[in-house]
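Trainee: I am new to this structure and would like to go through it step by step. Could you show it to me?

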Amino acid sequence: MIGDDPRIKFVHGRGRLVDARTVEVNGQQLSGDAVLVCTGARPSVPAIPGLADVPFLTNESAFELTELPESLIVLGGRYIALECAQIFSRLGSRVTVLQRSARILPTESSALTDELTAHLTAEGLGIVTGTAIQRVFTESNGVAVEAVVDGKPQTFRASHLLLATGRTPNSDGLGLENVEVATDEQGFIATDARLATAVRGIYAAGDVIGEPMFVYTAAYEGALAAENALAGTTRERDYTALPWVVFIDPQVAGVGLDLPQAEAAG
């Protein structure tokens, strides 16, 4: 097991790369033949006017509440948004989901998402798609979200606001610039199929490198990157038959290609 391998040192704390072989954490420098960055990601906070002055929840803070929200606006319409929305709806909150795309789970087929939307709305969730958020602001009894829906301005109100608008990589402050490890415009670390960066000896895995961001893909990538780093192998990650699941009721899951993807691939 990797966790029992004496060649591996796990850095707990905020580490920073000094060079391609050395990490400094809590004032101590640790050196090795390779470095694996797997610092994960955090909830993304979009640049919405007024949001900086409005208290909001994320999937990390929502479950620290000691009282149930009377009502809840969820910004987003993918995995985390739908899971949180249904949880709070079934607990008794009045929930409205505001999704920017024309459908919830926009990367999946419309046959699936249309059926899922029907199930969730029948259960009492409000689902509004095609929303362009203009601004948010606080009111005496909660928060208000101004949006344009189908070309018409609308204002949505609730006691609480939850953001589920994607993930931001925890790549800032790692000293990547010290060793010229490349990131994309969002800050996700660039790797090849072997989980290696362009800098020899530095690997990255998990949410910090971007999609797909699942617990099981992070574990798979971490093990693969560690094997390539320690054994000098060149195994590539293979997501030909990647499973995925949304933890809602009815359960939504898939593996490999869906019908439209299979038809497009011939």
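Mentor: We shall go from the overall picture to helices, a hairpin and a cavity.

Mentor: This is a predicted model, in which local features need pLDDT of at least 70 and side-chain atom pairs count only at pLDDT 80 or more, while totals for chains, interfaces and linings use all residues. Residues are numbered from 1 along each chain as its sequence is written, and side-chain values use heavy atoms, with hydrogens and water left out.

Trainee: How many helices and strands does the protein have?

Mentor: The protein has five helices and 16 strands; helices (H or I, at least four residues) and strands (E, at least two) are DSSP runs, numbered from the N terminus. The C-alpha atoms fill a box of roughly 55 × 50 × 35 Å along the principal axes.

Trainee: What share of the residues is buried?

Mentor: Of the 266 residues, 40% are buried. Buried means under 20% relative accessible area, exposed over 50%, and partly exposed in between, with a 1.4 Å probe and protein chains only.

Trainee: And what about contacts between residues 24 or more positions apart?

Mentor: Such pairs account for 54% of the contacts with a separation of 6 or more, where contact means heavy atoms within 4.5 Å.

Trainee: On to helices. Where is α1, and what covers its buried residues?

Mentor: Helix α1 covers residues 79-91 and reaches 19 Å from its first C-alpha to its last, close to the 18 Å expected. The expected span is 1.5 Å times one less than the number of residues. Its buried residues include Leu82, Cys84 and Phe88, and their cover includes β6 (71-75), β7 (94-98), α2 (110-122), β12 (160-163) and β15. After α1 comes Gly92, with a positive phi near 125 degrees.

Trainee: Which strands do the buried residues of α4 pack against?

Mentor: They pack against β4 (35-37) and β14 (202-204). Helix α4 has 17 residues, 215-231, and among its buried residues are Thr217, Glu221 and Leu224. Gly232 follows α4, and its phi is positive, near 75 degrees.

Trainee: You mentioned β15. Which of its residues are on the covered face?

Mentor: In β15 (residues 243-246), Trp244 and Val246 form the covered face, whereas Pro243 and Val245 form the uncovered one. In a regular strand the side chains alternate between the two faces of the sheet.

Trainee: What does β15 pair with?

Mentor: β15 pairs with β16 (residues 252-255) in the antiparallel sense over four bridges; two strands pair if DSSP finds at least two bridges between them. The two strands form a hairpin with five residues between them, and Gly254 in β16 is the bridge partner of Trp244.

Trainee: Why does Pro243 count as partly exposed?

Mentor: Pro243 counts as partly exposed because its relative accessibility is 38%. Leaving out residues up to four places away in sequence, Pro243 touches Phe214, Tyr216, Gly254 and Val255.

Trainee: Last topic: how many cavities of 30 Å³ or more are there?

Mentor: There is one cavity of 30 Å³ or more, and the largest cavity holds about 40 Å³ of space. A cavity is a set of points on a 1 Å grid over the protein atoms alone where a 1.4 Å probe fits but cannot get out, and lining residues have an atom within 4 Å of a point. Grid points are joined across faces, edges and corners, and a volume is the space filled by probe spheres set on the points.

Trainee: What lines the largest cavity?

Mentor: The lining includes Pro43, Asn59, Ile80 and Arg167.

Notes: 1 Å grid on protein atoms, 1.4 Å probe; cavity = no way out; pocket = protein on both sides within 12 Å on 5 of 7 lines; lining within 4 Å.
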